[in-house]
Amino acid sequence: MKLVKLIANLGYGSRKDVALMFREGRITDPDGEVLYADDKVPHEHIRVDDEPLDPPAGLLLVMNKPLGATCSRKDQGRVVYDLLPPRYRVRDPALSTVGRLDRDTSGLLLFTDDGALLHRIISPKAQVAKVYEATLAHDLRGDEAALFASGTMMLESETDPLEPAVLQVLAPRRARLTLTEGRYHQVRRMFAAVGNHVETLTRVAVGGLTLGDLAPGEWRALSAHEISRVFDAPAVD
Ligand code: URA
């Protein structure tokens, strides 16, 4: 792909804007040598205003979603896209969240511009584990793990039973729940169905990927090796 189109697709500006950036000498190699629009340069050798060019298409980002932000693009309030540089909103192909977390859920949120990858992560067939930790309003009764694991649990107004889910009791009012699907408000509705109420909810892992040291609101692009960890078993303890 021509450099102007490549850089414009990454959201740095229109092709006209990017052509101007070349003329202004803002696009350089790592040694500060000015690049020209018809140069052939590896992606990782391109700098814009001395900063490495954003990753190419095929991107997977991980964010520690803070409470209070929604995963919608259109919401009037605070949205997760506001936490990324503005140009990430206009990348082509477009970046979207891999599934959604509620406004009041924090933790591991993925973004990608790769439709096939997105489908592989969220499809229940892929069995990618999504691991949540919840604090609850009431003590656990003791029968929840068996019901959640049964594969026959029905949520109100749904016609298909839930896939088996794994509940680990961490404390009388604290639990870790591992799902392989992502129905609307699923964790909250599962606990509501057993007479409880989720007070706080955090996603701590997707497959073998955890948040590491990302603070709330922070994000980073994943390497190819880290992307493959999404398809590993979870390693939370
Ligand atoms: N289940 C929920 O109830 N909320 C989320 O955000 C994710 C899973």
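The largest pocket holds about 560 Å³ of space, with volume taken as the space filled by probe spheres set on grid points joined across faces, edges and corners. A pocket here is an open set of points on a 1 Å grid over the protein atoms alone, where a 1.4 Å probe fits and protein lies on both sides within 12 Å along at least five of seven lines; lining residues have an atom within 4 Å of a point. The model is predicted, so to speak for local features a pLDDT of at least 70 is needed, side-chain atom pairs count only at pLDDT 80 or more, and totals for chains, interfaces and linings use all residues. Numbering starts from 1 along each chain as its sequence is written, and side-chain values use heavy atoms, leaving out hydrogens and water.

Of the 29 lining residues, Arg100, Leu101, Asp102, Gly182 and Arg183 lie nearest the pocket's centre. By class, the lining has 13 nonpolar, seven polar and nine charged residues (Ala, Val, Leu, Ile, Met, Phe, Trp, Tyr, Cys and Pro are nonpolar; Asp, Glu, Lys and Arg charged; the others, Gly among them, polar). Domain 2 (60-124 + 208-229) and domain 3 (129-206) each give at least three residues to this lining, with bounds from an automatic or database assignment.

Elsewhere, Leu3, Val4, Lys5, Ile7, Ala8 and Tyr12 in H1 meet Arg15, Val18, Ala19, Met21 and Phe22 in H2, contact meaning heavy atoms within 4.5 Å; helices are DSSP runs (H or I) of at least four residues, numbered from the N terminus. This contact has nine nonpolar, no polar and two charged residues.

Technical notes. Helix = DSSP H or I, 4+ residues; strand = E, 2+ residues; numbered from the N terminus.
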